[in-house]
Number of protein chains: 2
Amino acid sequence: MMLINGTASTQLDARDRGLHYGDGVFTTLRVRDGTAALWEQHAARMQSGCRQLGIALPDTAQLHAEAQQVCAGATRGVLKMLITRGAGGRGYAPPRASTPTRMVALYPWPEFPATHWREGVAVRVNTMRLARNPQLAGIKHLNRLEQVLARAEWDDADIAEGLMLDDAHQVIEATAANIFVVRDGALLTPQLHECGVAGVMRAEIMRLSQLSGQPVQECALSLDDVRGADEMFLTNSVIGVWPVRKLDTLAKPVGPRTQAIAAMLEQSCPAYA
Amino acid sequence: MMLINGTASTQLDARDRGLHYGDGVFTTLRVRDGTAALWEQHAARMQSGCRQLGIALPDTAQLHAEAQQVCAGATRGVLKMLITRGAGGRGYAPPRASTPTRMVALYPWPEFPATHWREGVAVRVNTMRLARNPQLAGIKHLNRLEQVLARAEWDDADIAEGLMLDDAHQVIEATAANIFVVRDGALLTPQLHECGVAGVMRAEIMRLSQLSGQPVQECALSLDDVRGADEMFLTNSVIGVWPVRKLDTLAKPVGPRTQAIAAMLEQSCPAYA
């Protein structure tokens, strides 16, 4: 089911600036038993993204009602919410008064193998690089050609994700997930001040780690740093935590820290159990 | 008038990857007396952009018929053509078989002051920088948040355009136009191998200059280079050529090379007279 501005529809105004310029933001949530997990965090991130793009802030109570409406009765699924600046004239200048467009839609649950969580996934390194723009860094906006072209680089179902480096050769994220590594006992994740998406699940893992007394360090990570790490895992709000068992040809163990983090998430948010 | 996949409509499938990821290309053309100027060049650039993104190439004969249909009877206007990878599932991976979406639409002619062509325009320098990604450089794709946010930086009707520098401080283009400068008798334009849009009008000016025996040089240009230039002008397929008479507080003359280039374009393509 899909709601466009609150009305059941699968059609959108073709003049929408989301189509013409990617002028908007989105987010995806795990749905279990009619409820979207980590709702408040996702709503807050959409608000923050809209603020950064100068798009009028969505009414989160209205969004929540619409999310509940589309998720009602769904045992499992993925909720996608998308906000654009709305329909506009031709030209980049944002209209002085535009009414944002909101799309709230339930998608089927992607049937990932259960082994992705238990035994981990294989990951490659993408050729496509992330361009660096501090003014857009962190925002889950609709300009996603880098991710699309990176994801088009492989068609091997055995490879679950691909690492994205920026043009300064730092590892930033995967195409649709954030990454964490364990090295010398420390839990590390790439800093995202120049590019990358600040995932809701990334923030949740950081929050839980902080609470447990073992805070995550945000830092610069080279590919060699990642290759040399003792453990590695991927996170996003649909999958939760996937251990990485192979990076190209390099085998990685599913280590105790990764298992502890996954267990902590399951306890804190049962939708991820 | 707007055609979506050949049918008069202003509605689009809300699952379109153009909306979700900016997964497509577009182009805008000047319309005079029912005809879109430089049609072949625009069609060729769309084909080239689709090829670079791995989108099935549009049937240009069909596009042309649709363009003629929407332009019929229009004395003046702007034709916009937009191609996306089509509607797709959730997720960045391009579907194996997707049918591209095409939008062909006529927009009203923007009523720019006649002085913009005769006396030149005032230009500012944007704060927003262009991120560099050689794999996307040159393509007129739908990921345009940098341009949207740059254009939102000013609201002064006396300023027609804003220069965009990349994150290495080179001048690349304006938000919706390419730039040329004359320095020590040479006609120069920024190289676009790392970012920027390779405009159809930019290529046309380069072609005409080459024919006239005074080829354009593509090179790196700093803001100081641009400030120190003897002449400066902007080009795109809607405006043709606009001299720059002021860069921030610095006055520029509308020089003889700029006037010669504009005259050459008018002679070669009467739609720009």
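The model is predicted: local features need pLDDT of at least 70, side-chain atom pairs count only at pLDDT 80 or more, and totals for chains, interfaces and linings use all residues. Residues are numbered from 1 along each chain as its sequence is written, and chains are lettered from A in the order in which they are written.

**Interface.** Contact means C-beta atoms, placed from the backbone, within 7 Å.

| Item | Value |
|---|---|
| Chain B residues in contact with chain A | 46 residues |
| Chain A residues in contact with chain B | 46 residues |
| Supplied by α5(B), the largest share of the chain B side | 6 residues |

Helices (H or I, at least four residues) and strands (E, at least two) are DSSP runs, numbered from the N terminus. Strand β3 (residues 11-13) of chain A pairs with β3(B) in the antiparallel sense over 3 bridges; pairing takes at least two DSSP bridges. A:L12 stands opposite B:L12.

**Helix α3(B).** Its buried residues are B:L63, B:E66, B:A67, B:V70 and B:C71 (buried: 20 or more other C-beta atoms within 10 Å of the residue's own, C-beta atoms placed from the backbone). They cover an arc of only 130 degrees around the axis, which puts them on the same side of α3(B); the arc is taken from directions from the helix axis to the C-beta atoms. Their cover includes β4 (24-32) and α2 (39-53) of chain B. B:G73 follows α3(B), with a positive phi near 85 degrees.

Terms used: A residue is buried if 20 or more other C-beta atoms lie within 10 Å of its own, exposed if 12 or fewer, and partly exposed in between; C-beta atoms are placed from the backbone. Two residues are in contact if their C-beta atoms, placed from the backbone, lie within 7 Å.
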